[in-house]
Amino acid sequence: MKVDGTHTLLRGRIKLIIKNIRKDKSGSIVVEASVSLVIFIAAIVSIISLINVFIVHNRIQFALNSAANQIASYSYLYEMSPVGEAVETLHNDGDPYIEKYDTVKGAIQALKNIFSSGNTMSADDWVNNGNSVLSGADTLADDPYAVAIGALYNGTINGEQFIENSVAGGLGYLLTRQYIAPSSMDANDYLDKHYVTDGYGGLNFTKSEFNHDTGLIVLDVTYDVEIPLINFFLKDYTLTIHQRACAKGWMDGDGNKYPKD
C-alpha cells in the first residue's frame, strides 16, 4: 500500500508539472503573438508612410513641371515688354564695365589669398595670384572710372536678378497650386491629408531662379513630410524633401528680329 501511495503521489506531481509547463507555453505563445503583431503592424504602417511620401513627391513634381512650362510660355511677353528691353539694354551696356570691375575684384581676392595662405601656396598659385594682382592694378590705373561704373552696373544687375528670382518663386507658388490636387479637392487639403507640414503653405519657393541671360527658369521647392510611425517615438520629426523643375523660357521667339511699326 505504501508503494501504491508513493506511485500515486509521483503521478500527481508529474501531472502538476505538465500542467504548469502547458500554462507557461500558452503564456509564451501569447507574448510571442503580441510582439509579432506589433512588428507586423509597424511594418505595414512604414510601407504606407513610404508610399505616401512617393505619392506626394510625384504629385508635386508634376505640378512643378507644369508650372515651369507655363511660366516659360509667358517669358516671351516679358522679353518683349519695356521691362524686358530695359533689362536687355542693362546687360548689354554693362558687360564691358562689369568685366573690368571683375578684374579688379579678382585682384583683391588674389591679395587676400597671398596674405592668408602665402606660406603654403605652390609656385603655380603664386604666379596665378600675382598675375591677377598685376592685371587688376593695371585695369584700375588705366580706367578707374570704368571700374566704378562696373561696380554700379554689377549692383544693379544683382538687384535685378534678385527681383527676377523673387518673381519666379512667386509665380511658382501661385501656379503650382492648380496642378497638385485632383479637381475635386483643394491643394491645401490634399497636402494636409498626406501629412505635408502646414499643407500648401509649407511649400518654400524662395530658392527659385530666373536667369535672364540663359532664359532658364528653375522652380525650387522645399517642404516637410510627417512620418506617423516615427512621430510615435520621436515627437515633431519630419522628413525634408527638396525638388526642382527646369524649363527654357521662349525669350527670343523664333530667333528673328522684326522692325517695330
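My rule: rings of Phe, Tyr and Trp (its six-membered ring) pair if their centres lie within 6.5 Å, with planes under 30 degrees apart called stacked, over 60 edge-to-face and the rest tilted.

I looked at Tyr173 and Tyr200 next: their pair is tilted, at 4.9 Å centre to centre and 50 degrees between the planes. The two are 27 residues apart, Tyr173 in helix H4 and Tyr200 in the loop between helix H5 (187-193) and strand E1 (209-211).

I call a residue buried under 20% relative accessible area, exposed over 50% and partly exposed in between (1.4 Å probe, protein chains only).

Then I checked Tyr173 against Phe205: the ring centres are 6.0 Å apart and the planes at 85 degrees, so this pair is edge-to-face. Phe205 also sits in the loop between H5 and E1, so its pair with Tyr173 in H4 ties together parts 32 residues apart in sequence. Phe205 is buried, with a relative accessible area of 6%. I noted Tyr173, Tyr200 and Phe205 down as one aromatic cluster.

On to H4 itself. Its 37 residues (144-180) should span 54 Å at 1.5 Å a residue, and I find the end C-alpha atoms 53 Å apart, which agrees. The expected span is 1.5 Å times one less than the number of residues. At the N-terminal end, Asp143 is the cap, with a side-chain oxygen 3.1 Å from the backbone nitrogen of Ala146.

Last, the sheet. I find it open, with 3 strands in the order E1-E2-E3 and antiparallel pairing (strands pair if DSSP finds at least two bridges between them). E1 and strand E3 (238-248) are the edge strands, each pairing on one side only. E1 and strand E2 (residues 216-226) pair over 3 bridges, and Asn211 stands opposite Leu216 in E2. H4 packs on this sheet and touches E1 and E2, its direction making about 130 degrees with that of E1. Contact here is heavy atoms within 4.5 Å; axes are lines fitted to C-alpha atoms, for helices over the stretch in contact, with angles from 0 to 180 degrees between N-to-C directions.

Housekeeping: residues are numbered from 1 along each chain as its sequence is written, and side-chain values use heavy atoms, without hydrogens and water. As the model is predicted, local features need pLDDT of at least 70 and side-chain atom pairs count only at pLDDT 80 or more, while totals for chains, interfaces and linings use all residues.

Terms used. Helix = DSSP H or I, 4+ residues; strand = E, 2+ residues; numbered from the N terminus. Polar contact = N/O pair within 3.5 Å; in protein donor to acceptor, adjacent residues only side chain to side chain.
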